[in-house]
Amino acid sequence: MDIQCRITSWNIQGLNKYEDCKDNKTFLLQFDIIHLCETWANYIGEFDSFLNQYVHFDCVRYFNSNVWRNSGGVSILIKNDLFEKVKITRVCEHINDCVVLLF
């Protein structure tokens, strides 16, 4: 099966500030796979509804008492139609600070 897709990667420096930003969401919708790092998520699934047309995989770097806010965090968003065409499975969930997917 020959599938072409558009991919982007973005150091978001806190995804919360983009929750209501239509311009950024419109820009991201042109991609099939979106990698966001430095999401600063507080818990697994916090950004599941960020882009409703996408399946969301995330990894949270949990709060460290030596810092004033969460840091790190990774999100991978895969457009629903691509996810339905290609078997994609998350593997190695025990590894910290990354998301590993098998296509």
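Reader: How many salt bridges does a search of the whole structure find?

Author: One. This is a predicted model, in which local features need pLDDT of at least 70, side-chain atom pairs count only at pLDDT 80 or more, and totals for chains, interfaces and linings use all residues. Residues are numbered from 1 along each chain as its sequence is written, and side-chain values use heavy atoms, leaving out hydrogens and water.

Reader: What makes Asp97 and Arg61 a salt bridge?

Author: The term needs a side-chain nitrogen of Lys or Arg within 4 Å of a carboxyl oxygen of Asp or Glu. The closest N and O atoms of Asp97 and Arg61 are 3.3 Å apart, so the pair qualifies.

Reader: Why is the pair of Trp10 and Tyr18 called tilted?

Author: Rings of Phe, Tyr and Trp (its six-membered ring) pair if their centres lie within 6.5 Å; planes under 30 degrees apart are stacked, over 60 edge-to-face, the rest tilted. Trp10 and Tyr18 have centres 5.4 Å apart and planes at 50°, so they are a tilted pair. Tyr18 is buried at 17%, while Trp10 is partly exposed at 23%.

Reader: How do you know that Lys25 lies over the face of Phe50?

Author: The rule asks for NZ of Lys or CZ of Arg within 6 Å of the ring centre and within 35 degrees of the ring normal. Lys25 lies over the face of Phe50, at 4.9 Å from the ring centre.

Terms used
Buried < 20%, exposed > 50% of the residue type's maximum accessible area, 1.4 Å probe, protein only.
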